Amino acid sequence: MRNWRHETGRRVALAGVALALAAVAACAPGASNSKPDAKSTGAISTDVAKAGKVTLTEWDINTSGGADTATTQLNKEFEQKYPNVTIKRVARTLNDLKATLKLALSSKNPPDVVQANQGYPDMGAFVKANLLLPLDNYAKVYGWNNTFPKQLLALNKFSSDGKKWQTGNLYGVSQTGEIVGIYYNKKLLKQVGLPLPKTFSEFEADLPKIKAKGQLPIQFGTGDKSPAIHLFGVAQAAIAGKQEVRDMVASSGSAKWTDASTVQSAQVVSDWAKKGYLTAGANGLTGDEASANFGKGQGVFRIDGTWRLAELDQAMGSNVGFMSPPPMKAGQPSATEGGEGLAWSITSKTKHADVAGAYLNFITDAHAEDVLAKTGNLPAVQPPSYTPKAGSLNADIFAAWKTISQEDGLTPYLDYTTPTFYDTITSNLQQLIGGKLDPKAFTKALQADAGAFKQSN
């Protein structure tokens, strides 16, 4: 968030788009339709001090919480270390970024460093248009191939034509790790007399019991669209299993979005909405608003990503816990959506590629990981110098991330599937949750999008 999965409400997003367009205009004196050359980096200078006066423009989505704090601190430290460099920061929500970034990258004066969402919708499209710089030589110089797990680096790779994901050149590095899990209100859970569920069936069985006790089972809002991906993704990962989900997102194997397990997952989400286990009017409530409600004690469970760590820890203190989504059978490893935060990439038209490379290394090195951890973030690589306080939300999240990673339980975000899949799945999920679409029609819409892309690719 993500973090990229941080999004504000629709009205705020629309206002933000207008502001963002203005910002693009300021950053881009003249749009260019020409396709730039995808430069390969040659000899690399790591001596930033000798680069002369440089203004490095970066776009990120770290608009709130610990992510904003960490970015502000690291940018300030980079400028202090290299007084010849000024960092011009432009921070915006994911929706705003998705709406404006390609226009900015295509302009005559694009930002130097940007956060690009992985998968086909954004990074793949940018690579196809030669808008990002391959970073393989920087990875060799700065040792990123040894620092980051291969699984995480692969998420930031594409073939040079942008058609094949998780292979080919490296186009970004990520600061943070992410998983979607279940936050729980410890006092309310105790009040309704329930232990933590050990299986997905137990979790589902808890929901009517919680409602019968007069409490809201799951605090949820998806007015800003993307939160529903995570709600559905948790159900699908448990029911369909990690390999089937991976195959569908990667368009490999024989799995289809219309398979029985995915239809069943859609039925589960539809039932949760119909039976009142989710917040009433969830399609009109943003993820941020739902998270704030949960922080105020409204709801026993909340399905969301680890990017909510700082805000929920601040709001609830020792009363909030986090667990990985439980597996279908007790004792099985858990599987859930996750991976890493948006990749930090260098744009292909930048005049300061080596300074940008040094900046990327600075904001992802061991010191940066320590800063991220201490400001309420989950670093992609846990710094050995940081140990979360026992019993804290940090400790729960760090432990869940470690276990999921070690057990190979990550499934990719579903919107990575095709260039148009984000809009397809989010709009259809809102209809499913709103009772305007049945599970089979929902999955047919997803398969139609995925099938068309696979045929054209």
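T443 lies in helix α19, which spans residues 439–456; helices (H or I, at least four residues) and strands (E, at least two) are DSSP runs, numbered from the N terminus. The structure is a predicted model, in which local features need pLDDT of at least 70 and side-chain atom pairs count only at pLDDT 80 or more, while totals for chains, interfaces and linings use all residues. Residues are numbered from 1 along each chain as its sequence is written, and side-chain values use heavy atoms, with hydrogens and water left out.

T443 counts as buried because its relative accessibility is 1%; buried means under 20% relative accessible area, exposed over 50%, and partly exposed in between (1.4 Å probe, protein chains only). Not counting residues up to four places away in sequence, T443 touches W257, T258, T262, V263 and A266, where contact means heavy atoms within 4.5 Å.

H367, in helix α16 (residues 366–374), is partly exposed, with a relative accessible area of 38%. Leaving aside neighbours within four places in sequence, H367 is in contact with L74 and E77. H367 and K81 are 286 residues apart in sequence, and their C-alpha atoms are 13 Å apart in space.

Four strands form an open sheet with mixed pairing, in the order β2-β1-β3-β10; two strands pair if DSSP finds at least two bridges between them. The edge strands, each pairing on one side only, are β2 (85–91) and β10 (343–346). From one strand to the next, the twist averages 25°. Strand β1 (residues 54–60) pairs with β2 in the parallel sense over seven bridges, and the bridge partner of D60 in β2 is A91. Helix α15 (residues 353–362) lies across β1, β2, β3 (113–116) and β10, and runs at about 165° to β10. Axes are lines fitted to C-alpha atoms, for helices over the stretch in contact, and angles run from 0 to 180 degrees between N-to-C directions.

The second largest cavity has a volume of about 60 Å³. Of the ten residues that line this cavity, P227, H230, R302, D304 and R308 are the closest to its centre. The elements that give two or more residues to the lining are α10 (227–240) and β7 (301–305), and β7 supplies the largest share, three residues. On a 1 Å grid over the protein atoms alone, a cavity is a set of points where a 1.4 Å probe fits but cannot get out, and lining residues have an atom within 4 Å of a point. Grid points are joined across faces, edges and corners, and a volume is the space filled by probe spheres set on the points.

Key
On a 1 Å grid over the protein atoms alone, a cavity is a set of points where a 1.4 Å probe fits but cannot get out, and a pocket is an open set with protein on both sides within 12 Å along at least five of seven lines; lining residues have an atom within 4 Å of a point.
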